[in-house]
2 protein chains.
Amino acid sequence: MMKERKIIVYIATSADGYIARPDGNVDWLNRPRPADDYGMGAFYKSIDAIIWGRKTYEPLLQKFAAAKTKATARSKKPKAQSSGSRIKNYIFSRQPPETFPPGAEFVREPIKEFTRRLHSEAGKDIWMMGGAGIIGSFLDEGEIDEFMIHVIPIFIGDGIPLVQPRHRSIPLKLLSMKSWPDGVVLLHYAVRTQPESKSASKKDGRAKTNKKRQH
Amino acid sequence: MMKERKIIVYIATSADGYIARPDGNVDWLNRPRPADDYGMGAFYKSIDAIIWGRKTYEPLLQKFAAAKTKATARSKKPKAQSSGSRIKNYIFSRQPPETFPPGAEFVREPIKEFTRRLHSEAGKDIWMMGGAGIIGSFLDEGEIDEFMIHVIPIFIGDGIPLVQPRHRSIPLKLLSMKSWPDGVVLLHYAVRTQPESKSASKKDGRAKTNKKRQH
């Protein structure tokens, strides 16, 4: 049997739970990195695809467009600005741009159809890059398998949360934890998928969310 | 020399960084506890005072008032509804109630004056109970020494953050971490107190906060 490909959120948060400052700034992530780059190399080898929200992918797209303009002026082929040619990039967007890097695929289909397609193809695990909106959407559809959260030892006070806010009750299973000498901690969780309780808690979540909205 | 009393935030958060649901609900904290109650007993022995925000203390106050009414009807003395007689409770409030439990002291003085008073008295460490507002105020005055954060393996999706939101850059030092078989993780941090960089980052934080407010 083929090993099931997992969709894994691999991300850094501040110790107060934000992935970026309110304007998207991640200045606080600029820090000397240990030799193993917090395990990034090993993780990167374990995946062959990345899922992006449109806004999170935007900077790469702009770099590509700029490189293309420059290359056209010189009549050269634009260099791929993707994450390496062996990596497939899936970008969720309702309005795909006219030009985009090789290795990029813009996705408009519903999440469930998309993940069914992913799981039907042989491949390695898939990195869910974020942002918070797409992580929330995938999580609420039950389509995130694991979270690998690197907790940076700093409070930034305010910012964009790891997952788009919405009433939830999603139990996690701690798979492992690890720390580095500089105080970065990796918390590796599996999303608990108990079919019956999962749908029950989803219903529960919706009911409570609706109740909240009446206030 | 007398050992300096530390002010320690000892608190539980969800894995997505909230201390309570938006309405204050902590249903998700109701879980079977391990024999050592996540180290609570040992911590409780190490403190002899608790700092509360008024809203966080309110439920205890209501219990006391109810017990007092009942006791007066029976001509009995009300039982102390505090956290044990050896514990001093400091509650920050601009409007102290008329009656309150023994062991409670309502505090109106500025944070710095209060902590100077605390440090001038011999005693054990002090538990900063919260909520987010008072934690934020003490943190921004440089008056929190440590955070002991128990990360519960659940996403609740939305709620009250650990610290009242405000632009910050407060580096932490990881003192230790620990996990329990049920997936609860304790992250124990010291707030890094480097006198020069601390005041610099405070200024920096204020400047950026003001910049944000212009948007």
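This is a predicted model: local features need pLDDT of at least 70, side-chain atom pairs count only at pLDDT 80 or more; totals for chains, interfaces and linings use all residues.
Residues are numbered from 1 along each chain as its sequence is written.

Chain A places 36 residues in contact (heavy atoms within 4.5 Å) with 36 residues of chain B. The two chains bury about 2,900 Å² between them, 65% of it on carbon and sulfur atoms; buried area is the accessible area (1.4 Å probe) lost on being put together, summed over both parts. In chain A, the most area is lost by Phe155(A), Leu172(A) and Met177(A), together 21% of what that side buries. Between the chains the count of salt bridges (a side-chain nitrogen of Lys or Arg within 4 Å of a carboxyl oxygen of Asp or Glu) is 0.

Strand β10(A) gives the most to the side of chain A that touches chain B, with 7 residues; strands here are DSSP runs (E, at least two residues), numbered from the N terminus. β10(A) also pairs with β8(B), residues 154–155, in the antiparallel sense over 2 bridges, where pairing requires at least two DSSP bridges. Within this pairing, Ile170(A) has Phe155(B) as its bridge partner.

In chain B, Ile152(B) lies in strand β7, residues 146–152. Beyond four places in sequence, Ile152(B) touches residues including Ala12(B), Trp28(B) and Val184(B).

Note on methods. Chains are lettered from A and ligands numbered from 1 in the order in which they are written. Side-chain values use heavy atoms; hydrogens and water are left out. Helices (H or I, at least four residues) and strands (E, at least two) are DSSP runs, numbered from the N terminus.
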